[in-house]
Amino acid sequence: YPKFDQKINIHLIEAFPNILNVFSKNVSAQVQDHLQSHGVNVVVNSAVTGATPSSVTLSNKKENKTTVIDTNTLVWTGGIRARPITSKLGQTINKEVQTDRRGLVVDEKLRVKGLPKGHEDDIFAMGDCAFSGLPPTAQVASQQGTYLGRLFRDQGGHADEAQPFKYNHKGIMAYIGDAEAAVS
């Protein structure tokens, strides 16, 4: 669609200081330059705080600034937040321990933290519903699933004798358009 970009403006909004935070800062900067060279307006350190049928409001806390972008179309792909049922479960388990908005806080064996003594092996969490300190990616979730499957098969779900979950990073890739990708 060679003339399509002449009719629209694309704004990529990121609340963090750089885009693609799971990549190195060097790769992130290269991708940002690439996108900007293709006409994408990359806005960092800004969170979407509101949207109407004709605008999007951004807040940059670092600069204490609010920006309004006029728009007719909004495509929202952001946010890493636990599903409501996961949040409710965390609050039911232990409000003091389950404080992360991204998911259920788990220990090194993917057991949900904050359960009463003697019930530590009752609830496990992985993937998007777990906060383990690792990036919320499919690669992590897949390895967590394999770990838990083996733990249930080999240990009957009793994690005390099991080795801690160990993540093996195999690299990451993000498609950035124009048949190009960022790889690390």
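This is a predicted model: local features need pLDDT of at least 70, side-chain atom pairs count only at pLDDT 80 or more; totals for chains, interfaces and linings use all residues.
Three strands make up an open sheet, arranged in the order β3-β4-β5 with antiparallel pairing. The edges of this sheet are taken by β3 (47-52) and β5, each of which has a single partner strand, so one side of each lacks a neighbour in the sheet. From one strand to the next, the twist averages 20 degrees. Five bridges join β3 and β4 in the antiparallel sense. In one of the pairs, A47 has S59 of β4 as its bridge partner.

N45 lies in the loop between β2 (40-43) and β3, and E63 lies in the loop between β4 (55-60) and β5 (65-70). The two residues are 18 places apart in sequence, and their C-alpha atoms are 8.7 Å apart in space. E63 counts as exposed because its relative accessibility is 52%, the cut-off for this class being over 50%. The backbone of N45 has a phi near 60 degrees, a positive value in a residue other than glycine. Most residues other than glycine have a negative phi.

A positive phi also occurs at L110, where the value is about 65 degrees although the residue is not a glycine. L110 is placed in the loop between β6 and β7 (130-131). With a relative accessibility of 1%, L110 counts as buried, since buried means under 20%. Residues up to four places away in sequence aside, L110 touches I123, F124, A125, Q144, Y147, L148 and F165.

L110 also belongs to the largest nonpolar core, which has 17 residues. Within this core, the residues that touch the most other members are V106, L110, V112, A125, Y147 and L151. Helix α3 supplies the largest share of the core, namely four residues. Another core, of 11 residues, lies apart from it and has I19, V27, L35 and I176 among its members.

Helix α3 (residues 138-155) also contains Q144. This residue counts as buried because its relative accessible area is 1%. The side chain of Q144 reaches the backbone nitrogen of G127 at a distance of 2.6 Å. When neighbours within four places in sequence are left aside, Q144 is in contact with L110, M126, G127, S132 and F165.

T86, G90 and I93 are buried. These residues lie on the same side of α2 because they cover an arc of only 65 degrees around the axis. An α-helix has 3.6 residues a turn, so residues three or four places apart point the same way. On the other side of α2, the exposed residues are P84, I85, K88 and T92. The cover over the buried residues of α2 includes β6 (104-105).

Definitions and conventions:
Residues are numbered from 1 along each chain as its sequence is written. Side-chain values use heavy atoms; hydrogens and water are left out. Buried means under 20% relative accessible area, exposed over 50%, partly exposed in between (1.4 Å probe, protein chains only). Helices (H or I, at least four residues) and strands (E, at least two) are DSSP runs, numbered from the N terminus. The arc is that of the directions from the helix axis to the C-beta atoms. Contact means heavy atoms within 4.5 Å. A polar contact is a pair of N or O atoms within 3.5 Å; within protein, one must be able to donate a hydrogen and the other to accept it, and residues adjacent in sequence count only if both atoms are side-chain atoms. Two strands pair if DSSP finds at least two bridges between them. Axes are lines fitted to C-alpha atoms, for helices over the stretch in contact, and angles run from 0 to 180 degrees between N-to-C directions. A nonpolar core is a set of buried Ala, Val, Leu, Ile, Met, Phe, Trp, Tyr and Cys residues joined through side-chain atoms within 4.5 Å.
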